[in-house]
Amino acid sequence: MSLGERGHRQVLDPETRGRFEALALPHLGHLYRLAARLKGSPQDAEDLVQETYVKALRAFPALRDPERIRPWLCQILSRLVYDGHRSESREVAVGDLAELDRFSLYDLIDQEDPFPYSDQLHRDFLARFHDGEVRRALLALPEAYRVPLVLLYVEEPSYKELAAMLGCPVGTIMSRLHRGRKILERELWECAKQRRIVRTR
Amino acid sequence: MKLTCEQAVKQFFAYLDRALSGEEFEDLEAHLEACLNCCDKLAFSRQLDDFVKHHLPDNPVPATLEARVRRALERGPGA
């Protein structure tokens, strides 16, 4: 038997796998919903969940606190998506960062005043969007921005926990969450222009 | 007021995410007490967060997913 085969057998030990399945599979629904929110497509979400569980089984003997298995699985899944962005060039495709930081959807709605008779202008503006448009706007964010933002919305971790989950400094998390939201605002504004909710060209 | 509106706005997301503390938190609270425009802007940021959360996809879990994952686990990491 080769070393590789021995290693493979060890991981596939039925008792270990049984323990892993008993602990990890009850969280399949949660993991799938998170994957669907991060990836957009149901097929991609299924692939991601499968990849997460296979990777988690390999690392399972090193898990010290089995009660923390759900955040641990979420971390593995998130890192599979987040680490993917490092090899992509999309991260830089968000335009001028100083301009992005100054972008304010609130101010633009205020200036454009698309519903002059409304006494809740900003709320009425948001109400014009359909589910699919909001999801497309979110998916337009590069993974580097989308992953921390979706995790924040779904898991509600602190910045420190988020930084530990994604393996980056707290300062990076702060700036990604700030700019991620700004990109989202910009995408919604572009969508509003295309839908002629606002007149600005 | 210690903070200008521009400085206050930059802190909004950290404030909403409960990541501000100490002097930063107190300075922003003091600014918000005195600046109605920033209060409105902050309320919109909160509204937008809630709006996006509400529109996140909530796909039903495919009935075949568990069997698929179990098969993959049986095949093992090398498969």
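In the predicted model, B:Arg18 is located in the loop that connects helix 2 (12-16) with helix 3 (22-34) of chain B. The phi angle of B:Arg18 is near 55°, a positive value in a residue other than glycine. Most residues other than glycine have a negative phi. B:Arg18 counts as exposed, at 77% relative accessibility. A positive phi also occurs in chain A, at A:Arg196, where the angle is about 60° although the residue is not a glycine. A:Arg196 belongs to the segment after helix 12 (170-194) of chain A. With a relative accessible area of 65%, A:Arg196 is exposed, because residues over 50% are assigned to that class.

The secondary structure of chain A consists of twelve helices and zero strands. Of the 201 residues in chain A, 48% are classed as buried. Contacts between residues 24 or more positions apart make up 69% of those in chain A with a separation of 6 or more.

In soluble globular proteins, nonpolar side chains tend to be buried together. In the present model, the largest nonpolar core comprises 88 residues. The residues with the most contacts inside this core are A:Phe20, A:Val49, A:Tyr53, A:Trp72, A:Leu105, A:Phe125 and A:Phe129. When residues up to four places away in sequence are not counted, A:Phe20 touches A:Leu25, A:Tyr53, A:Ala56, A:Leu57, A:Phe60 and A:Trp72, together with B:Leu73 of chain B. Two of these partners, A:Tyr53 and A:Trp72, are themselves listed among the core residues with the most contacts.

The interface between the two chains was examined next. In total, 49 residues of chain A are in contact with 35 residues of chain B. The size of an interface is often given as the accessible area lost when the parts come together. For chain A and chain B, about 4,100 Å² is buried between them, with 66% of this area on carbon and sulfur atoms. Polar contacts across the interface involve twelve residue pairs in which both residues have pLDDT 80 or more. Seven salt bridges are found between chain A and chain B. A salt bridge also joins the side chains of A:Arg181 and B:Asp49, with an N to O distance of 2.8 Å. Helix 4 (residues 42-59) of chain A contributes ten residues, the largest share of the side of chain A that touches chain B.

How values were computed. Residues are numbered from 1 along each chain as its sequence is written. Chains are lettered from A and ligands numbered from 1 in the order in which they are written. This is a predicted model: local features need pLDDT of at least 70, side-chain atom pairs count only at pLDDT 80 or more; totals for chains, interfaces and linings use all residues. Side-chain values use heavy atoms; hydrogens and water are left out. A nonpolar core is a set of buried Ala, Val, Leu, Ile, Met, Phe, Trp, Tyr and Cys residues joined through side-chain atoms within 4.5 Å. Buried means under 20% relative accessible area, exposed over 50%, partly exposed in between (1.4 Å probe, protein chains only). Contact means heavy atoms within 4.5 Å. Helices (H or I, at least four residues) and strands (E, at least two) are DSSP runs, numbered from the N terminus. Buried area is the accessible area (1.4 Å probe) that two parts lose on being put together, summed over both. A salt bridge is a side-chain nitrogen of Lys or Arg within 4 Å of a carboxyl oxygen of Asp or Glu. A polar contact is a pair of N or O atoms within 3.5 Å; within protein, one must be able to donate a hydrogen and the other to accept it, and residues adjacent in sequence count only if both atoms are side-chain atoms.
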